[in-house]
Amino acid sequence: MRASIFAAALCLLMQAMPAAAQTADPIEPFNRAMYSFNDGLDRVALKPLAQGYAAAVPLPARVGFGNFINNFRDIPNAINNLLQGKLGEAASDVGRIALNSTFGILGVIDVASEFGLERHNEDFGQTLGRWGVASGPYVVLPLLGPSTLRDTAALPVDYYTGGRHLVIESVAVRNSLSGLEVVNDRANLLDAEKALDEAALDKYVFIRNFYLQRRLNLVYDGNPPRPKGDDDVWDETDAAPDASAKDKE
Amino acid sequence: MNRRFFNRFFASALIVAGIGGAQAALAATAPDELIRTVATDVQTIVKQDKAIQSGDMRKTLELIDAKVLPNFDFARMTSLAVGRDWRSATPAQKTDLTAEFRTLLVRSYANAIVRFKDHQITVKPLKLKPEDTEVTVRSEVRKAGSPPDSVDYTLYKKGEEWKVYDVAVAGVSLITNYRDAFGEEIKAGGIDGLIKSLRTKNAQNAAGGEGAAKK
């Protein structure tokens, strides 16, 4: 209930800020500072921790832990699919939780995927997006990293729909679980990191664009509206650079 | 009997006719089949090639050059990533931009293919209509124990051949992702500034620079 009032207030807030998001990053100086802070912290603490974790914990155990966490994440998946009116998906998420929590031994084995119930990726930020709330400016949060105003505002709802505080009573256990989750997630990214280093002219810009596009894609479950104007550039110049298509340095 | 012999003879003749011929045969195929063939071929070769697996960049680039690049249209890709400013670029600048952007992307791809070696790649069938000139072929890359990542290829029909001009990983399009970064470089230093940045970046990558990306 509180969540829905909160959401309504947020919608008003968003509508009050007209399409100021022409540039998606009006607070870039702050964001860059935050990015540097996070990056520094990652370099001295999280990354070494994740590397140690990846070296010490065998892959099957990491996969099992990932599944265990994902089983919890299916709870907000179900709730948000319901909120977005995707009843079939919501039912499938509930089925996943039921199957994985029992046959999958508290979620450690993702049996539901074997049965063809695929895991979704939903959160309240996406639900708001589906309801028509614009993402607002890009924000880099301390510790948590890339977000937008909308997605940041959605975080408390994600916490309450996460369901962990209902299932796990001990705060200490909950916090250790979250800590381990962060390290596990970071370990999964170790591979992709070199690719990012090599592909990005400017890592900050690259990550920002990646995040914003990814979120847009998630809001529309893989079929975002095609941005307009993609092709005008080409049509006018179609003939000109043709030779370079086959060039060899 | 006779006919079978003939077929076989014909097939060997085709093989003898050479690698160039194979390229042309490939290009005429449907877009989804094209992606599937290339993905499977590359994966098979990487699985067998110990040198590529241990990071032999020269060999990896040779493989990409032979199997993958002929199916891409980098000029179109680059023009879309550069966006509006492409119009004001001279032909020489366009050629340079295309070459440098291609080097950058090929390098990223080269790093990825070894990691994808044991992943399961599923290319989804495409309903191609005869009048289609632009299609998106969707595929999934699944690593054991993790949810699949989507990799979507956008192709257009260039003459009789299908050419890839955008790739979207997890819904994130390469073209769109580079557009902002390119725009900022151009705003700061013009087209030549962008070419210079790309060149510097490629040189850093080639040198195997750790922490090569500027912050």
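1. The hairpin of chain A. Strands β1(A) and β2(A) form a hairpin with three residues between them, and A:Leu143 in the turn has a positive phi of about 70 degrees. Helices (H or I, at least four residues) and strands (E, at least two) are DSSP runs, numbered from the N terminus. Four bridges join β1 (residues 138–141) to β2 (residues 145–148) of chain A, and these strands run antiparallel. Two strands pair if DSSP finds at least two bridges between them.

2. Basis of the note. This is a predicted model, in which local features need pLDDT of at least 70 and side-chain atom pairs count only at pLDDT 80 or more, while totals for chains, interfaces and linings use all residues. Residues are numbered from 1 along each chain as its sequence is written, and chains are lettered from A and ligands numbered from 1 in the order in which they are written.

3. Chain A in outline. The secondary structure of chain A comes to 12 helices and two strands, which follow the pattern α-α-α-α-α-α-β-β-α-α-α-α-α-α along the sequence. Of the 249 residues in chain A, 29% are buried. A residue is buried if 20 or more other C-beta atoms lie within 10 Å of its own, exposed if 12 or fewer, and partly exposed in between, with C-beta atoms placed from the backbone. Among contacts in chain A between residues at least 6 apart in sequence, 67% join residues at least 24 apart. Two residues are in contact if their C-beta atoms, placed from the backbone, lie within 7 Å.

4. Positive phi in loops of chain A. Most residues other than glycine have a negative phi. A:Ile105 has a positive phi near 50 degrees and lies in the loop between α4 (87–102) and α5 (111–114) of chain A. A:Ile105 is partly exposed, because 13 other C-beta atoms lie within 10 Å. A:Asp221, also not a glycine, has a positive phi of about 45 degrees; this residue is found in the loop between α11 and α12 (232–237) of chain A. A:Asp221 has 17 C-beta neighbours inside 10 Å and therefore counts as partly exposed.

5. The nonpolar cores. Which residues have the most contacts inside the largest nonpolar core? They are B:Ala81, B:Phe182 and B:Leu194, in a core of 40 residues. A nonpolar core is a set of buried Ala, Val, Leu, Ile, Met, Phe, Trp, Tyr and Cys residues joined through C-beta atoms within 7 Å. The elements that give two or more residues to this core are α11 (203–219) of chain A and, from chain B, α3 (31–48), α6 (74–82), α7 (91–115), β3 (149–158), β4 (161–169) and α8 (174–206). The largest share, 10 residues, comes from α8(B). Not counting residues up to four places away in sequence, B:Leu194 touches B:Leu97, B:Phe182, B:Glu185, B:Ile186 and B:Gly189. A second, separate core of 11 residues includes A:Leu128, A:Tyr138, A:Leu149 and A:Ala154.

6. A helix crossing in chain B. The axes of α5 (residues 57–67) and α7 of chain B come within 10 Å and cross at roughly 105 degrees. This makes α5(B) roughly perpendicular to α7(B). Axes are lines fitted to C-alpha atoms, for helices over the stretch in contact, and angles run from 0 to 180 degrees between N-to-C directions; angles under 35 degrees count as roughly parallel, over 145 as roughly antiparallel, 65 to 115 as roughly perpendicular and the rest as oblique. The contact is made by B:Met57, B:Thr60, B:Leu61 and B:Ile64 of α5(B) with B:Val106, B:Tyr109, B:Ala110 and B:Ile113 of α7(B).

7. The sheet of chain B. An open sheet of five strands has the order β1-β2-β3-β4-β5 (chain B), with antiparallel pairing. β1 (120–123) and β5 (172–173) of chain B stand at the edges with a single partner strand each, so one side of each is left without a neighbour in the sheet. Two bridges join β4(B) to β5(B), and B:Val169 has B:Val172 of β5(B) as its bridge partner.
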